[in-house]
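Work through each task before reading its solution.

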Amino acid sequence: MYALHKLLWDIRRDATTKERFMADAAAVLDAYGIDGEWRVLMTNLDFKQLYERGVNPYLLYFCAIQLEVDRAEYYARIRGEEVS
């Protein structure tokens with residue numbers, strides 16, 4: 001989980017990491033050594049499942065904001081609501 005938290009932190013703090021993730025998430029996930037279930041959840045930006053599996057909510061929220069996920073959409077996803 002450390003690698004995932006590091007990625008979330010880096011997306012929040014480093015515009016280059018954010019841009020790289022938005023352009024090619026798979027390459028960034030590879031670079032951070034994130035695989036398996038975590039990789040699927042990050043690829044899909046499944047905030048609800050990430051939160052429920054213990055990802056730091058502070059890092060998760062601010063990463064979502066950096067990835068240009070609207071606040072209302074973020075909260076809807078956390079609640080498990082369908083987002084169009």
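The model used here is predicted.

**Exercise 1.** Describe how helix 1 packs against helix 6, and classify the residues of the contact.

*Solution.* The geometry comes first: helix 1 (residues 2-13) and helix 6 (residues 57-66) have axes 8 Å apart and pack at an angle of about 45 degrees, which means that helix 1 is oblique to helix 6. The crossing of helix 1 past helix 6 is left-handed. Helix 1 contributes His 5, Leu 8, Trp 9, Ile 11 and Arg 12 to the contact, while helix 6 contributes Tyr 58, Leu 59, Leu 60, Phe 62, Cys 63 and Gln 66. Sorted by class, the contact of helix 1 with helix 6 holds eight nonpolar, two polar and one charged residues.

**Exercise 2.** Are helix 1 and helix 2 roughly parallel or roughly perpendicular to each other?

*Solution.* The axes of helix 1 and helix 2 (residues 15-23) cross at roughly 110 degrees and come within 5 Å. Because angles of 65 to 115 degrees count as roughly perpendicular, that description applies to helix 1 and helix 2. Their crossing is left-handed, and the contact is made by Leu 7, Asp 10, Ile 11 and Arg 13 of helix 1 with Ala 15, Thr 17, Lys 18 and Phe 21 of helix 2. These residues divide into four nonpolar, one polar and three charged.

**Exercise 3.** Characterise the packing of helix 6 with helix 7.

*Solution.* Helix 6 and helix 7 (residues 71-78) pack at an angle of about 135 degrees with their axes 10 Å apart, so helix 6 is oblique to helix 7. The crossing of helix 6 and helix 7 is right-handed. Pro 57, Leu 60, Tyr 61, Ala 64 and Ile 65 of helix 6 meet Arg 71, Tyr 74, Tyr 75 and Ile 78 of helix 7, giving a contact with eight nonpolar, no polar and one charged residues.

Definitions and conventions:
Residues numbered from 1 in each chain as written. Predicted model: local features only at pLDDT ≥ 70, side-chain atom pairs only at ≥ 80, totals over all residues. Heavy atoms only, no water. Axes fitted to C-alpha atoms, helices over the stretch in contact; angles between N-to-C directions. Helix = DSSP H or I, 4+ residues; strand = E, 2+ residues; numbered from the N terminus. Parallel < 35°, antiparallel > 145°, perpendicular 65-115°, else oblique. Left-handed = near helix turned anticlockwise from the far one by under 90°. Contact = heavy atoms within 4.5 Å. Nonpolar A, V, L, I, M, F, W, Y, C, P; charged D, E, K, R; others polar.
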